[in-house]
Amino acid sequence: MSLWADIGAIFSALLTRDSFEIQTALESDAAWVVGTVVAALGGLLVTLIYRKVPFVERHFERSVMVYSYLAIALIIFWGVIDRFVFNDQEPWSTTIPPLLFMIMAWFGASYNVRLRTHLSFSEFRSAMPRGGQLACLILDAVLWFIFAVIVIVTTTRLVALSASNFQIVLGTDNIMQWWFLLAAPLSFFLMVGRVFQNLADDLHNWKTGEPLIKQAVIGAD
């Protein structure tokens, strides 16, 4: 009964949009139950969007990575000129780039799950029988999903904690840290969608007799 009460408290806190109440409600173990269900539903929604809008599926994560990288490069480039030419420096020029880098890395992780470039062990698995290959791919999906749930729950707690403490980005007056931290759980919802995409492809290949293990190429479509 306590679990259901804690789950209800989480949804009630989310409806209030009060960061302190949300942060308090997410401290319970019910957050893992809610996180698992929401991650699964969110992943299915992402999969549906990617299927219906191929342009988003192909370009969204890569666009976030590219623009984050360009913003980092621009800030650092101007920071060097500002410091050594004008003897000045924006106080946020050393704090915002690391946050942008984290966003780039999170969305890059989701994109590369789709490409299967994360420790795929394709050479080893290619030598396995077909049933063993499918078992490994299903295990990949399960482990990625569990990993995504852990990150979604823990980073959502961190977002709520940051918002409830009104943490601002160092060197700024009104840019909140949680705006950047929120990218972590969002990117891992995308990762769950990529995991579901891969699993659907694997089951289709199993039924049609197509090769299950393919050589992963970093940066490929």
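Author: Leaving out residues up to four places away in sequence, Q197 touches T47, Y50, E57 and R114, where contact means heavy atoms within 4.5 Å. This is a predicted model, in which local features need pLDDT of at least 70 and side-chain atom pairs count only at pLDDT 80 or more, while totals for chains, interfaces and linings use all residues. Residues are numbered from 1 along each chain as its sequence is written, and side-chain values use heavy atoms, with hydrogens and water left out.

Q197 is found in helix α9; helices (H or I, at least four residues) and strands (E, at least two) are DSSP runs, numbered from the N terminus. Q197 counts as buried because its relative accessibility is 11%, the classes being buried under 20% relative accessible area, exposed over 50% and partly exposed in between, with a 1.4 Å probe and protein chains only.

One of the residues touching Q197 is R114, which is found in helix α5. At 23% relative accessibility, R114 counts as partly exposed. Apart from neighbours within four places in sequence, R114 is in contact with E57, R194, Q197, N198 and D201. The side chains of R114 and N198 are joined by a polar contact of 2.8 Å. A polar contact is a pair of N or O atoms within 3.5 Å; within protein, one must be able to donate a hydrogen and the other to accept it, and residues adjacent in sequence count only if both atoms are side-chain atoms. R114 and V192 lie 78 residues apart in sequence, with their C-alpha atoms 9.9 Å apart.

Helix α9 covers residues 183-208. Its 26 residues should span 38 Å at 1.5 Å a residue, and the end C-alpha atoms are 37 Å apart, so the two values agree; the expected span is 1.5 Å times one less than the number of residues. After α9 comes G209, with a positive phi near 85 degrees.

α9 also takes part in an aromatic cluster formed by W144, F147 and F188, with F188 in α9. W144 and F147 both lie in helix α7 (residues 130-164), three residues apart, about one turn of the helix. W144 is partly exposed at 24% relative accessible area, and F147 is partly exposed at 38%. The aromatic pair of F147 and F188 is edge-to-face, at 5.7 Å centre to centre and 75 degrees between the planes. Rings of Phe, Tyr and Trp (its six-membered ring) pair if their centres lie within 6.5 Å; planes under 30 degrees apart count as stacked, over 60 as edge-to-face and the rest as tilted. This pair links distant parts of the chain, with F147 and F188 41 residues apart. Outside four places in sequence, W144 touches V113, H118, M191 and V195.

F188 is buried, at 6% relative accessibility. The largest nonpolar core has 45 residues, and F188 is listed with I10, A39, I103 and F107 as having the most contacts inside it. Such a core is a set of buried Ala, Val, Leu, Ile, Met, Phe, Trp, Tyr and Cys residues joined through side-chain atoms within 4.5 Å. Elements giving two or more residues to this core include α7 and α9, while α5 gives the most, with 11 residues.
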